[in-house]
Amino acid sequence: MHTSSIRTSFLVASLVIMGLPTLLSQEAPTVKLIQSVDLPGYSGDFDHFAVDFDRNRLLLAAEDHGTLEVFDLKTSAHLRSIDGFGNPHSILVRKGSPTVLVTDSEKQGATLRDADTYDKKKSVPLTPGSDTSKYDAAANVLYVVTGGKDVDMKTANLEAVNPDTGSTLGSITFQDNHVEAMSFVDGDPRLFINLTQTNKIAVIDRKTLKLLATWPVGVAKQNAMVAFDPDQHRLYIVCRDPGTVVVMNSDTGAVVDTQPAPLRSDEVQYDRDQHHLYVPGGEGYMGIYDTSDADHLKLVEKVSTAPGAKTGLLVSSLHRLYLAVSPGDTKATAKVLTYEIE
């Protein structure tokens with residue numbers, strides 16, 4: 001072999017060897033797109049998903065389309081569309097229950113529906129504007145945000161509902177016309193909820209529905225979503241102005257860190273066991289964050305999704321993450337994206 005060839009081979013080998021640490025240090029993708037289901041003819045925004053394990057269904061509230069969309073949970077195939085809603089937002093499905101509860105901010109209001117047919121069983125007498133909700137399985141109580149600016153009210157409420165009967169068990173009123181998502185966990189009596197108009201987090205005793213504290217978010221506005229990690233005493237608050245994840249001490253309300261987040265996000269999903277936070281955004285990507293260091297949030301991946309893919313659901317038992325792509329004001333095709341969690 002000629003000397004020049006030897007030198008070239010040695011140089012190539014050296015570059016490869018030098019590059020190995022960099023290649024090996026790169027983290028593998030944490031999610032993989034495995035299915036995309038188009039929903040032609042849909043307009044406006046989608047809101048929240050729910051899973052029906054008993055019937056192998058994935059449900060999606062088509063907020064502006066005024067329908068409930070039903071998919072096969074395992075294949076993501078679109079099975080049917082249920083009309084008769086105004087603006088459906090969130091869906092409660094419980095294992096073994098014959099009914100589902102759907103919140104609706106229009107005059108139809110929240111309803112209890114047959115879990116097999118989705119026929120209306122009865123109206124749920126809540127304050128107008130029922131929207132986001134979260135279920136306390138241990139107490140069998142559904143907490144629902146009602147009122148607010150969308151129904152021309154200067155205040156908003158958190159209402160506790162018996163999901164079997166639809167009766168109201170109690171409520172608390174906020175001097176805030178824009179209240180967004182909440183978070184709580186079993187074993188901790190506190191409920192954390194976004195007071196978006198006044199840029200605060202309210203801390204509620206969910207058993208008594210009494211206000212314990214309000215903490216200013218401050219570093220970013222339009223705080224809308226929140227995840228709670230009781231093990232690390234942290235709240236992960238997602239804001240829209242600018243797109244930011246704010247890390248807050250859940251005992252004191254002190255802000256300990258921030259990281260940029262996708263714009264126009266309308267969902268946060270948290271895997272406490274894996275310390276992964278998933279934040280989809282309407283601008284077309286999803287941020288995945290490592291929360292294992294309680295004081296230093298780390299953005300580990302930006303996953304290209306689609307414009308309008310701002311709501312989603314993590315189903316850890318299936319290693320699946322579902323995103324709803326909202327057409328919004330564009331002419332883009334609505335769709336549901338299914339990702340496999342690696």
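1. Let's start with a sheet. Four strands, in the order β6-β7-β8-β9, make up an open sheet with antiparallel pairing. Strands here are DSSP runs of E with at least two residues, numbered from the N terminus, and two of them pair if DSSP finds at least two bridges between them. β6 and β9 stand at the edges with a single partner strand each, so one side of each is left without a neighbour in the sheet. On average, neighbouring strands of this sheet are turned by 25° against each other, direction ignored; axes are lines fitted to C-alpha atoms, and angles run from 0 to 180 degrees between N-to-C directions.

2. A word on what you are looking at. This is a predicted model, in which local features need pLDDT of at least 70 and side-chain atom pairs count only at pLDDT 80 or more, while totals for chains, interfaces and linings use all residues. Residues are numbered from 1 along each chain as its sequence is written, and side-chain values use heavy atoms, with hydrogens and water left out.

3. Within that sheet, have a look at β6 and β7. Strand β6 covers residues 88–93, and six of its six residues are buried, so the strand is largely enclosed by the rest of the structure. Buried means under 20% relative accessible area, with exposed over 50% and partly exposed in between (1.4 Å probe, protein chains only). β6 pairs with strand β7 (residues 99–104) in the antiparallel sense over four bridges, and Asp104 in β7 is the bridge partner of Pro88. The two strands form a hairpin with five residues between them, and Gly96 in the turn has a positive phi of about 80°.

4. What about the other end of the sheet? Strand β8 (residues 111–114) pairs with β9 in the antiparallel sense, over three bridges. Here Thr111 stands opposite Ser123 in β9.

5. Is Gly129 buried or exposed? At 7% relative accessibility, Gly129 counts as buried. Not counting residues up to four places away in sequence, Gly129 touches Ser105, Val145, Thr146, Gly147 and Val151; a contact means heavy atoms within 4.5 Å. The C-alpha atoms of Gly129 and Lys107 are separated by 8.2 Å, with the two residues 22 residues apart along the chain.

6. Another open sheet of four strands comes next, in the order β10-β11-β12-β13 and with antiparallel pairing. Its edge strands are β10 (133–136) and β13 (168–174), each of which pairs on one side only. The twist from one strand to the next averages 20°. Inside this sheet, strand β11 (residues 141–147) and strand β12 (residues 156–161) pair in the antiparallel sense over six bridges. The bridge partner of Thr146 in β12 is Asn157.

7. The loop between β12 and β13 holds Asn162. A polar atom of the Asn162 side chain lies 2.8 Å from the backbone nitrogen of Asp164. Leaving out residues up to four places away in sequence, Asn162 touches Asn140, Ser167 and Leu169.

8. Now for the rings. How many aromatic pairs does the structure hold? There are six aromatic pairs. Rings of Phe, Tyr and Trp (its six-membered ring) pair if their centres lie within 6.5 Å; planes under 30 degrees apart count as stacked, over 60 as edge-to-face and the rest as tilted. Tyr236 and Tyr270 form a tilted pair, 5.5 Å centre to centre and with 50° between the planes. Tyr236 lies in strand β19 (residues 234–241) and Tyr270 in strand β22 (residues 269–271), so the pair ties together parts that are 34 residues apart in sequence. Tyr236 counts as buried at 1% relative accessibility, and Tyr270 counts as buried at 17%. Elsewhere, ring pairs link Phe192, Trp215 and Phe228 into a cluster.

9. Two lysines are worth a look too. Lys95 lies over the face of Phe53, 4.9 Å from the ring centre, and the charged end of Lys302 sits over the ring of Tyr285, 5.0 Å from its centre. Such a charge sits over a ring if NZ of Lys or CZ of Arg is within 6 Å of the ring centre and within 35 degrees of the ring normal.

10. Finally, Arg320 is found in strand β27 (residues 320–325). At 19% relative accessibility, Arg320 counts as buried. Leaving aside neighbours within four places in sequence, Arg320 is in contact with residues including Ile34, Leu313, Thr338 and Glu340.

Definitions and conventions:
Polar contact = N/O pair within 3.5 Å; in protein donor to acceptor, adjacent residues only side chain to side chain.
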